[in-house]
Structure formats: C-alpha cells, structure tokens
Amino acid sequence: MTNVLLLLNDTFVTLPNAEDCIIDKKSIISNNHQGSKIDQYVLSNIILNNVKLSNDYYDFIYFIDSNGEFNYTIPNNLNIKNSLKTSQSINLNRNQSSSSISKIGTKLSKLKFKKLNQKDKQQSSSNPTTPISEIEINPSSPPELSPLDNSTKLKIFGNINGSDNDNNDDDDDFELIDENELIIDNKLLNESSIICLREPNSNNKKRRKACKDCTCGLAELESSFQINNEQNSKSIPKSLPKIQFNSQELNEIDFTIEGKTGGCGSCSLGDAFRCDGCPYLGLPAFKPGQVISLDGISDDL
Amino acid sequence: MDRTIAVLYGSETGNAHDLAETLVSNLERFHFNILLSSLDTFELPRLIDLKYVIIICSTTGQGEFPSNARKFWKFMLRKKLPNNLLTNVHFTTFGLGDSSYPKFNWAIKKLHNRFLQLGAKELSKRAEADEQSSQGIDGFYVEFEKLLITNLLRLEPLDLLGLEPISEDQLLPPKIKLVINKLKPKKLTNDNLKTISLNRTNNAGLKKAIVSINRRITAEDHFQDVRHFQLFDEDIEIYSPGDTISLYPSNSVENVNQFIEILQLESVADKKVYLENLPSLMEGGIISTLTLRSLITHHLDISSIPRRSFFKLLYKFATDEREISKLKEFSSFNDPEELYNYCNRPRRSILEVLQEFFSVKIPIEYLCDLIPFIKPRLFSISSGFIKAQQKTVDLTIAVVEYQTKIKRTRKGLCTTWIKTLEENDKIIYKLNKNNLNFRENSPIIMIAPGTGIAPMRSLIQHSIESKGYDKEKLYLFFGNRYFTKDFHYREELLKYEEQNKLTLFTNFSREQQGYVQDSLYLHSKLVVKLLTSKNAIIFVCGSSGKMPTQVRITFETILQEELELSVEESKKYLLELETHNRYIQETW
C-alpha cells in the first residue's frame, strides 16, 4: 500500500473551484501511484498540530499551492518531515518526472526551521501570505529561502495599473492590509537601526576657535571669555544709526583686553569670520571707513 | 557590474524632492547610476532587477503619504504580496516629519516596516528627520547620507572597477542650467512686478484672484501684525473647513537689487533668460516674462536659509583662500555646529551670506543649482463656504517678524510680500483640498491659540450657517494675549455666543488668564462627557512646537483623572481617537 500525503495551501482551499481542482489532482496522483491511499490535509492544520501525522509513514508527498498547482517546494515543518519515510526516495511530483533524493533524513535535518508564529496562520492581519518559509528540497544546493522566480514577480508588479483604463479603480479588486497594523505591529521596525542626531552644544561650553592671526588674546583667555562676551554684546545699543571707523581706529580697538592695541582684523569681516566675543557680531561686514547703517538693508514698507 | 541605485521620493512641498536631488548628486560622484523618480512614477517591475533602493518620503496632513506616493503605497498594501517579494532588494529610508504631530513620520515608518515584511534587507540606518529639531531636517540628512555612502561603497567598492571617486572639488555641470538669451533685447521688469507674477507657464491648478481685503486686525500698539486677508474670484471652487490656499510670494525689489549688485550682474540683469532641464511640473509654474531680474524676483529664494549643499557648491566659486576654507568648513560633516551657529540659529539668509563672502564669483548658469526655488506658502482658509454664490475666501495671516543675534530684523518672505499687496491687486493662488471629514452630528472641541483660529472660523461658519449646528456641538477654546488687542474676530464670535450657537472659552495670557490648555483642564468633566458619550472630535490648530504637545498632555491628564486611566491607557485612548479621525491636528 502506497501512502501519499497531499498538502493543501490555505489560500487555495478558499477558492471557489478548489474542490474540483483537488479531485482533479487526486486522480493524477492515483494514476501515478496505482492503489495508493491519499491523506489530504490543509497545511495550517498540520502546522498548528490540529492533526497528528504518523511518523515515518508516507512514501510520497504532494503539495498544492496557492495557485492550485502542484508545487515541488515543500513547506518546511517538522511534522511533515517526520511523517515521511526516511529510507525511501521521495517523489516530488513535477510533470511526472521524479527527482529522487537519497538520504532524505539527513538532508531534512540540516534544514533550518523558521519559528512559526500562531498569528501567522490566520490570514487576517497585515502579514503577507505564505508566511512559512519554503525550502526547496534539492540534493545539490544548500537549503535557503527560495526566491520567487521573475515571471511570478512580473505578474505581481505588472498588475499595478490593471488594464489600460485608468478610470475604474482596478485597485479595488485587490484586498489591502490594514496599514495601521504597520504602526502597531512594530517589532521589525524596532529592530531596525535609526539615525540619532548629535544635538549641537547649546550651553556654549564649546567656544569657537580664535580667528586666524588672533591678536586679541582669545587663545589665552578662553575661560574668562564668556563673561566678556556677554558684557560686550550688551554694550552695543540696539539702534545704531551710524558707525564709522577708519583703518587706524580699527587697529587700535580691542574690546577684549583693557588697554591692548592691535586687533586681529577679523572684526570687519562678516559673522562667518568673527570670533565669539566680537562686539560686531550681528552686524554686516564692513570696510574701514565705510558707514555701517542698519537701515540701509532694511526694507520697511 | 551594475551600479544602479533607485532613489525614490514622496514629496508634498518639494523638500523631500530636494533632498533626493542632493543625494543623487552626491552618489554620482562615486560612479553610481541613479534612477531618480517619485514613488508614483516609478516603474514597479524594476524592483525585480534593482538591487539598491533608497526612499525619501515625508509625512503630510494627518499622518498621510504625499500625493505623489499614494498610488505606490496602495500597491504596497496589497494583502497578496508574498513575503519574499523583495528579497533581492537592499534598501533604506529617510523620513521627513515634524515631532509636534502625533503621527510623526508615520508614512516612512509604515513604508519601512512593509518593505521589511516583504523580505527586503536593510542596507544602512534609516532616519526619521524632525523639522522641530534644532538642526532641522538637514542635520539628520547629513548623518544619513554619510553612513549610506560608506555602506554602499562597502558593498560596491570602487577599486574593483579601478575607479576613483570624482573629487568633491570638481565642478560638475549644473543640473538646471540658466542661460542668457543673447539674441533677444533687454526687458525691464521692475515697474510691473505684480502683473509679471500673474502670468505663468507650467501652471497646473493656479488661479487668479483679486485682493478684496488686506486689513490689520490687531491693535496698532500690539507687537504682532495680523491681517484679515480676502481674495475674490468669480470662479472660486467650493472649499471646506480644513482646506488651504497656496500663495506665491516674490522677493522685494531692494533685496533683488542687492543681490544683483553683490554678484555684479547689472549688465545682464534685464536680459531674457531660459532654463534648461527644468522639471516639467513646477509648483507655481514659471513666469512667462523671464529675465534674470524677474527670475530672481519671483523664483529664486535668496532670503531662505542656505543648506549644506549651498556651501558645497559655493566654495568652488570663491577666490580668496580664507573664504574658500571657511565655506568648505561649513559644507563638511566635521562640525555640524559651525554651520548651525552660523546659519540656522540666527536664521541667516543666502543674501546675507553672499554679502560676507566678497570674493565669490558665481557663473550665471549655476544660479538655479545654487539657490532653491521659492516655494508656495499655505494658509488655512478662515471662511466658511456658506452661500451658493460665494466668490470670496478669507485668510488670517500673522506677519512674521522677529529678532535673532543678527541685528537686522528677520522677516518672513511671504508675509512681508503680503504687506505690499493693496486692495484690487491681482495675484495667483491655488486651492488645496485636505478632505478633513468631520463626522456628521458629532460635537467638535476646537483648540486654537492665535491664528489657529483660521480653520476654526471656517468650520464654525460652515457648521452654523450650512448645517445648523449650535453651542451643543461647537466648543471653541481660543487663546490670545489681550482682550482688546488680538482677540481676532471678537465681535463675530461673541455674537455667535450670544445667539447660543457657539460655546466659547477664552484665555488672555497677558492678562493672567493662562493658556488654552488651562481652560481645557478647568472643564475636564465637560470634555470627558463629550468624548465618551457624544463621540466628540478634537481639532487642534496653531503654531507647531510646544503648543500641540502641551495640549495633548493636557488631554492625557484629563483622561487620567476623570476616567482613572493610567498614563499608558490615556495615550492609547488618544491614539484610538486619531485612528478614527477624532483627533485632528493642523499646526504650522
């Protein structure tokens, strides 16, 4: 007596023509294996242990996938594995040709199991269909997640527009997942790594470097600079109608050190070049002798 | 070896698109071939053969995808998509969002999660950029890009090809090339700025309107100038509460003159120009009378704060050693604070930066690469569409003016431009429908400090006049500073209250009455009753930042105290409300 295990994909069995298809497929199996006994189960029942498969029992295994076709990629599940006779070659039916596999037992034990989540079995939530990792049982290649072939993908992607008519929403024919689930079910997302920003130092602990050719002593006076900074910037009144310095005066002025002559020369350049304590911070760049008028650049209407 | 990378963007106002363009430029230096497109125009079958996909997408509206990403997203949500659909794809995502919104970066979160579900592999750290952060979106972007390029080069090293990266110092040809039309005669454009601004090509959705009212509604001695602004359009479309109007501001003549002077463009300023490689769909179109001057006036955002990419291009045009070195410093990743302290914190404009770098000589053809295009500004409509023959629409606009470290006052481009508009002027505008559906017959709890009153006024007028709502359904918590100085639409609102059509709670913060959330808390019992037994909707509008967060916390506290919920439960309650469109936030 030949024992055949027939596995049925869960989505497939919900299709209207599923019954006819199963009868059809079973007759094919019977033709292949005269006098065989076929045990058919919906895949989820096996995964969820709703049915108990006898160990070391089946000579052949067939799987009808979501498209209602025989698929030679068998879902990876311990119950299924254990139910197969280990010493026999397994017929993974595909167009009548049999790819015989020896030492199935060993091969199967090398397979990695994907932890099957209870929730995955229900087709309700946002998880995509065929959640079970399918292992291609092939003597030569190591077991791994089998990629979809390109023609399947093309069928899926090619369907974005439906047919040529843009008017009717062909999209409505496709059932959508609940997108809020993607926020609630955020396990995958939390495992992903995310950019964290370095916040700028807002408490002014780090001082801007002294400008080139620093002569004001910033380099030496790092610590007391903060105090001078506050005092100096406050000493400039808010409304400055006119400021005019000739180059000699510029060279003489140095607010940071009492009585010291000679400036670093950066004060007249814009804010980009002024050091942190510069009393001219906030004013535009100017040339010696140039009148600085704040109103000159305003556009009050 | 195929070095193709797809850079896909979902962009509502152009920011995500800009970043995508920046990424493309930077990736090209490493000899990658880039496929750049919006998510909706992207050919999905390409996902079969593409190995690398980078998605830059903002979150807009109420946690939604931008309009040029929705079709793509709808496809991605299909239940039947198998979980190994994208196993060949190495991807990462960059989200643009605003943390004062509860659904902060929800679009990119969902997208990233979905890609992972479909088997795609992460190639580099993802990012959820925050507009509210001190360094803005750009701060996140530079970190993201730096890491991404490092990871990409690890996967696809250049030395295998025997190639060197194109040096950053090398000047590549401009993406959008500005060309002077030498053949055509000059055209003066300064005396008819307003007319010129009206006529545009590539102008999908733009309409013309007459300014019928432009009146200050705050007291003259109040520090803030708020305008009641009304547009008249014979063929105005029907609008609903929550919809917005886009306005297209221009630069002031003074600023444009300064810009032309600094760059020494006087001799060619009035020559006609054209732009090569301009994208076909430009928000706001391009003015038809295009001279260099009018291009600068109506399209180049010289008052915007420069991004790092600006400095990266600018240093190539400087001739003074010191300036080159400083500009390069600003554009490098080494010290993000330098740039932040120089530009972002004081809100320094491109024009002001150029005024400090005297040695810079910018070739004209690079102007459009260097300076971003002016983006429209959106304002919530503050009138209800109540008459069948309605031809007007109101806006409530606060003129933006404030001080920073820079002595010259910061002024908003758009609101400064609005101040120049006189009644009977014609301008272009666009109506944006936001489809904020307020469920029929549910009471609405409106929280609106300051100009947040705009969409509330639209909602109140519409509800009272067109739907017969009354004070059992309309609750307004309105916060301002002084009863006499900035209680916008005072007469109107008090009248509605008197007629029992509106329940009004006011707070005048400078008169020791606290803020909107204080009134809210005071009326905890009412609020809870409305939420639990009347399915009330909460609608919060106003400035982004602290306000919406504070309001939310207040609601959480109210729920905790009145319903004895834990902190977690109260947060969950609000999240539920949001999911059912019962907590709506519009902040700016």
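I begin with a term: a residue is buried under 20% relative accessible area, exposed over 50%, and partly exposed in between, with a 1.4 Å probe and protein chains only.

**Entry 1. Conventions.** I note that this is a predicted model, in which local features need pLDDT of at least 70, side-chain atom pairs count only at pLDDT 80 or more, and totals for chains, interfaces and linings use all residues. Residues are numbered from 1 along each chain as its sequence is written, chains are lettered from A and ligands numbered from 1 in the order in which they are written, and side-chain values use heavy atoms, with hydrogens and water left out.

**Entry 2. His488(B).** I looked up His488(B), which counts as buried because its relative accessibility is 2%. I found His488(B) in the loop between strand 20 (474-480) and helix 16 (490-498) of chain B; helices (H or I, at least four residues) and strands (E, at least two) are DSSP runs numbered from the N terminus. Neighbours within four places in sequence aside, its contacts include Ile217(B), Val226(B), Ile453(B) and Phe478(B), contact meaning heavy atoms within 4.5 Å.

**Entry 3. A sheet in chain B.** I traced an open, antiparallel sheet of six strands in the order 14-11-18-9-10-15; two strands pair if DSSP finds at least two bridges between them. Strand 14 (377-380) and strand 15 (392-398) of chain B are the edges, each pairing on one side only. From one strand to the next, the twist averages 40°; axes are lines fitted to C-alpha atoms, for helices over the stretch in contact, and angles run from 0 to 180 degrees between N-to-C directions. Within this chain, I saw that strand 11 (residues 244-247) and strand 18 (residues 426-432) run antiparallel and are joined by four bridges. Ile245(B) has Leu431(B) of strand 18 as its bridge partner. Helix 15 (residues 453-467) of chain B lies across strand 10 (226-232), strand 14 and strand 15, and runs at about 150° to strand 15.

**Entry 4. Two helices in chain B.** I next examined helix 1 (residues 15-28) and helix 5 (residues 136-155) of chain B, whose axes come within 11 Å and cross at roughly 35°. Among the residues making the contact are Leu19(B) and Leu23(B) of helix 1 and Tyr141(B) and Leu148(B) of helix 5.

**Entry 5. An annotation.** In the unreviewed UniProt entry, the annotation "domain: Flavodoxin-like" covers residues 5-149 of chain B; such annotations may be inferred rather than shown by experiment. I note that the end C-alpha atoms of residues 5-149 of chain B lie 12 Å apart.

**Entry 6. Chain A.** I recorded 11 helices and six strands in chain A. Of its 301 residues, 38% count as buried.
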